[in-house]
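Please look over the sequence and the structure shown here before reading on. The report that follows takes up ion pairs, a pocket and a surface patch in turn.

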Amino acid sequence: MDQVYIFLLVTLAVLAIIDLVVGVSNDAVNFLNSAIGSKAVSMKTIMIVASAGIAFGAIFSSGMMEVARKGIFNPDQFYFEEIMIVFVAVMITDILLLDLFNSLGMPTSTTVSIVFELLGSAVAIASIKVLNDGQGFAEIMNYINTTKAYEIIRGIFVSVLIAFSVGAIVQYVSRLIFTFDYEKNLKFTGGLFGGVAITSISYFILFKGLKGVAFISADTLAWINDNTLMLIGISFIIWTLASYLLQNVLKVNILVVVIVVGTFALAMAFAGNDLVNFIGVPLAALSSYEIAFDKGFPADLTMGALASKVPANTYLLFLAGVIMVITLWFSKKARAVVETGVNLARQNDGAERFEPNSLSRLVVRASVNISTGIRYVVPKSISRKLDERFRETKKTSKDEDAPAFDLVRAAVNLVVASILISIGTLLKLPLSTTYVTFMVAMGSSLADRAWGRESAVYRVAGVFNVIGGWFVTALVAFVAAAIFATIIFYGKIFAVVGLLIIAGLLLFRSYMLHKKVEQEKEANRKFDRADLITINEIINESSDNISRVIGKVNNLYKNVIDNLGLQELSNLKKNKKSLNKLEEEVDALKSDVFYFIKSLDDTSVEASKFYILILDYLQDMVQSIGFITKNSYSHVNNNHKNLKFNQIRDLKSIDKELQVLFDEISSSFDKEIFDDVSTIILKHKQLQDHVAVLIQKQIDRIRTTETSPKNTKLYFSLLLETKDLIGAVISLLEMFQEFHNDYKEIVK
């Protein structure tokens with residue numbers, strides 16, 4: 001029996017390492033978001049500062065470890081074996097759940113996940129005990145620390161409202177003071193801002209954080225408590241003077257300093273508050289094992305001793321910090337999650353990740369109406385002055401290297417979030433760092449007027465999607481942990497091994513899928529040019545777009561015809577997914593037309609019409625292949641009769657000719673050799689005539705042969721859309737050839 005528990009401890013240790021990796025990947029958005037979005041310093045500097053903050057925060061986190069031991073359930077109501085089942089179920093659930101959200105690039109709350117996993121697994125084991133003892137379900141409440149659990153859950157959700165409100169208020173006041181032309185105002189206000197910001201961070205992170213460190217003596221803590229006001233006053237004077245000297249003498253932007261210090265502080269607060277989410281359960285399991293080992297593993301040993309205060313091992317905390325730092329540097333999923341937060345908070349417009357929904361439209365419409373009403377009440381002179389303070393000075397740009405927001409907002413985000421998280425840590429409340437940092441960033445974005453009429457409906461929808469994901473986290477965490485705990489209770493060690501194998505396979509599959517997505521992004525990144533200036537660059541960009549879209553249409557047409565002939569419904573469904581990606585790609589190109597036209601020099605403006613028409617023809621092609629793909633899938637999905645052999649044969653003949661012609665187009669445009677365009681146009685016209693012949697042929701079949709109405713409808717649709725597809729290609733090539741020939745004449 002002892003060997004079984006040792007195996008479980010080793011398993012929990014391994015799971016803790018994996019949980020640290022997937023947890024940091026998700027929570028990196030919390031402390032990297034503002035620094036990366038503002039581009040205050042280099043990425044390397046940001047990573048070094050954040051790494052140092054994590055290392056220090058890990059050591060300061062021992063006070064929070066009690067949450068996993070007694071914060072959710074009453075340990076004296078569970079036997080040792082039962083408590084180990086609870087802990088193993090929690091860790092397996094946590095890893096799979098966080099990795100799922102990482103793969104989706106969605107920030108979720110590691111605090112909410114661990115709290116509801118502990119709650120779910122504890123309720124499951126308590127239910128089994130109650131049923132076995134013949135008691136009523138009301139007795140389950142005796143097993144759960146309902147008071148503390150309710151306090152934690154309430155604290156988490158209240159923090160959302162507080163974080164959003166405080167972030168919005170502080171950002172609004174800060175923008176009124178600094179404006180977007182903040183460089184001019186820093187000379188007078190930078191020193192005071194730096195003094196207040198860094199003093200606040202120092203107080204909550206350093207002074208209060210020392211209370212959770214095991215190696216700080218009681219006398220030292222008592223002296224700090226007795227002299228708190230003096231320490232704050234001295235700190236404020238020192239930091240204000242230092243900020244003034246940095247800004248006005250050494251010419252160092254104090255906002256950059258605040259962002260660097262804030263990144264360190266937020267990383268430190270994250271590690272101090274959230275480390276319990278990753279290793280608190282394994283450490284609690286280790287304490288349980290030590291208690292049981294000292295007693296000789298009696299079957300009726302309850303874990304009431306877990307309720308006592310036990311200092312965490314500083315070396316284990318430091319080792320956990322090292323793993324977190326390594327993950328921060330090498331996790332690609334962490335970058336994907338960070339991109340989501342930065343995208344929703346950015347100041348400029350651009351391609352939006354989230355689609356609007358009814359709720360986001362309702363909220364935006366109500367906000368517009370309220371704003372209009374306020375303007376009627378507030379005097380126009382005051383409204384005009386306020387608008388001037390919020391007027392941006394930089395021109396619109398879609399340059400990927402441009403900051404998503406400025407230094408003022410980044411500094412506010414970091415200072416407010418780190419202070420709020422530190423207060424929660426001080427009060428021993430495992431509030432969600434994701435909730436706090438995300439909602440502070442959203443509140444400051446709203447106050448900063450980053451959500452304009454062009455983007456508000458998408459950003460609000462994004463916020464609702466993320467918040468909705470948090471509720472999903474709570475529900476899935478509770479249910480999954482309860483199921484896993486039940487399986488382990490009845491299946492014993494065999495169930496543990498089986499669940500570990502399944503978890504390993506799911507993690508490997510997730511890794512391979514994410515790797516594939518990243519490779520696709522990297523392949524498309526070379527086409528994502530921010531600024532096109534000359535006509536030659538316009539031609540190159542257009543040829544790249546044509547080659548890429550033609551190639552994907554070519555593959556999609558071939559696959560659809562093949563799968564339609566074989567009635568392969570699953571493959572046709574995959575074709576629909578490929579179509580969706582292609583539609584999104586072309587739609588993104590059309591969305592960037594505004595930035596494209598803004599970036600042209602005076603000699604290239606006339607070429608904008610050419611570029612727009614090229615995109616229009618590409619969209620026509622995508623619409624045609626979309627109609628073909630969707631109709632084919634619908635036909636097979638509705639279990640209609642397959643097309644006749646002659647019909648499939650005719651479609652395959654068109655497909656083969658299209659394959660050759662599309663390959664020729666891709667080759668010509670890839671190499672940017674356009675001498676054969678006339679020949680390719682002629683071949684397309686011949687193929688278009690061939691499609692017209694097949695249409696007449698089908699008309700004759702209907703007149704002479706009995707056929708299915710559904711088949712006839714599908715077949716005509718495929719032929720007509722193919723004819724339109726070829727027509728769009730011909731129009732595109734003719735226009736491209738004409739423009740290219742005109743350009744060559746100009747160059748001569």
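## A salt bridge within one helix

In this predicted model, Asp-655 and Lys-652 are joined by a salt bridge whose closest N and O atoms are 3.4 Å apart. The two residues are three positions apart in helix H22, which covers residues 645-671, so about one helical turn separates them. Asp-655 counts as buried, with a relative accessibility of 2%, whereas Lys-652, at 23%, counts as partly exposed.

## Salt bridges between separate parts of the chain

The count of salt bridges in the model comes to 15. One of them is formed by the side chains of Lys-129 and Glu-82, with an N to O distance of 3.2 Å. Because Lys-129 belongs to helix H5 (residues 110-132) and Glu-82 to helix H4 (residues 80-104), this pair ties together parts that are 47 residues apart in sequence. Both Lys-129 and Glu-82 are buried.

Another salt bridge pairs Asp-448 with Arg-175, and here the closest N and O atoms are 2.6 Å apart. This pair links distant parts of the chain, since Asp-448 sits in the loop between H16 and H17 while Arg-175 is in helix H6, 273 residues apart. Asp-448 is buried, at a relative accessible area of 1%, and Arg-175 is likewise buried, at 0%. Through salt bridges with shared partners, Arg-175, Asp-406, Arg-409 and Asp-448 are joined into one network.

## The second largest pocket

The second largest pocket has a volume of about 1,100 Å³. It is lined by 29 residues, of which Ser-367, Ser-371, Leu-446, Arg-449 and Trp-451 are the closest to its centre. Two or more lining residues are given by each of helices H6 (146-178), H13 (358-377), H14 (380-389), H16 (433-447) and H17 (456-525), and H13 supplies the largest share, nine residues.

Which kinds of residue make up the lining of this pocket, nonpolar, polar or charged? The lining divides into 20 nonpolar, five polar and four charged residues.

## A nonpolar patch on the surface

A nonpolar patch on the surface is formed by Ile-48, Leu-286, Leu-316, Phe-318, Leu-319, Val-322, Ile-326, Trp-329 and Phe-330, which together have about 830 Å² of accessible area. Helix H11, residues 314-330, contributes the largest share of this patch, with seven residues.

Phe-318 is found in helix H11, and with a relative accessible area of 45% this residue is partly exposed.

Key
Residues numbered from 1 in each chain as written. Predicted model: local features only at pLDDT ≥ 70, side-chain atom pairs only at ≥ 80, totals over all residues. Heavy atoms only, no water. Patch = residues over 30% accessible without salt bridge, like charges linked within 9 Å, V, L, I, M, F, W, Y side chains within 5 Å. Areas by Shrake-Rupley, 256 points an atom, 1.4 Å probe, with all protein chains shown as cover. Salt bridge = Lys/Arg side-chain N within 4 Å of Asp/Glu carboxyl O. Helix = DSSP H or I, 4+ residues; strand = E, 2+ residues; numbered from the N terminus. Buried < 20%, exposed > 50% of the residue type's maximum accessible area, 1.4 Å probe, protein only. 1 Å grid on protein atoms, 1.4 Å probe; cavity = no way out; pocket = protein on both sides within 12 Å on 5 of 7 lines; lining within 4 Å. Points joined across faces, edges and corners; volume = space filled by probe spheres on them. Nonpolar A, V, L, I, M, F, W, Y, C, P; charged D, E, K, R; others polar.
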